Amino acid sequence: MAEPSSSKPAVPLLKDELDIVIPTIRNLDFLEMWRPFFEPYHLIIVQDGDPNRTIKVPDGFDYELYNRNDINRILGPKASCISFKDSACRCFGYMVSKKKYIYTIDDDCFVAKDPSGKDINALEQHIKNLLCPSTPFFFNTLYDPYRAGADFVRGYPFSLREGAPTAVSHGLWLNIPDYDAPTQLVKPLERNTRYVDAVLTIPKGTLFPMCGMNLAFDRQLIGPAMYFGLMGDGQPIGRYDDMWAGWCVKVICDHLGLGVKTGLPYIWHSKASNPFVNLKKEYKGIFWQEEIIPFFQSATIPKECTSVQKCYIELSKQVKEKLGAVDPYFTKLADAMVTWIEAWDELNSTTSEEASSKSANGGAAATK
């Protein structure tokens, strides 16, 4: 008799504490491959593009689906902070979720295999990353000391071995790497075939380019900072949504003493987007990031800011003051950051049952 697969836990981890958020413009056939891992969980699908188009979801999944009409109805005028015709719309799913944890994945990401040929349960690895502490204050040369078979190396301060709460788990990709347009153009055939069996904590004071296609986070710890900005339709920039969120998140995590991990798990990124289309979206960002990165590297948040919301509002003020001179877009973005926090608080207030009910009933819920 064949042994049962060990890749699927007997009892799914955090089954009632995690939502899977998927932005899409197409039918979600890719979920069939993920069924063994995703079916026990609740899905929040954010439909981009034409709200009159019907998105088909395979039978058996528990989900709610929100299109642009739903977003406008739920947020009213504040819906202006949610991007249109861009995967940045996924952050609306973060806002309406009522769970402690979020995993978000793109619909062109498939199940990868580890070097032994076994299917990788990406969600399970993300959960393990989030439930174990991070080490942002001192680098451990054996990577994650909390993994089986690893520990703190000689010389690691005992006073820091309890670690810090992990707010973000940033996964990677086999096959198509997450390259910018210029790199895509000069390396059109390059594929990532290297499976590195490691999880690292990104040190305090170090920024990183966050990719949203295979990402998990603790919504209670850092959710209000996971705003993917103004991108896509009507905006001068695209493909910087997840990176903008990552820079904001990292500065705030550093301030609040939270950790960010990167490495495992891998997913299989199935197709490369058009580099010429990407170049049009990224063109301004390629120049602007030379101003944006130093801004975030030097950003400081006053000690009086003790919540994610207060930190984010403070950061928005600094964006307006210092990046507004780079381009008027950043003034608009700073205002949208404030609107995002207002909308988040309205939908997530513990005293506002009406707001909670409004979000819960806003989308088309279905279980098949």
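User: Over how many bridges do strand 2 and strand 3 (residues 62-66) pair?
Analyst: The model is predicted: local features need pLDDT of at least 70, side-chain atom pairs count only at pLDDT 80 or more, and totals for chains, interfaces and linings use all residues. Residues are numbered from 1 along each chain as its sequence is written, and side-chain values use heavy atoms, without hydrogens and water. Strands (E, at least two residues) and helices (H or I, at least four) are DSSP runs, numbered from the N terminus; two strands pair if DSSP finds at least two bridges between them. Strand 2 and strand 3 run in the parallel sense, and the bridge count is 5.

User: Which residue of strand 3 is the bridge partner of histidine 42?
Analyst: Histidine 42 points the same way from strand 2 as Ile44 and Val46. Its bridge partner in strand 3 is aspartate 62.

User: Is glycine 234 buried or exposed?
Analyst: Glycine 234 sits in the loop between helix 6 (219-222) and helix 7 (241-256). Its relative accessibility is 66%, so glycine 234 is exposed.

User: How far apart in space are glycine 234 and serine 83?
Analyst: In sequence, 151 residues separate glycine 234 and serine 83. C-alpha to C-alpha, the distance is 9.0 Å.

How values were computed: Buried < 20%, exposed > 50% of the residue type's maximum accessible area, 1.4 Å probe, protein only.
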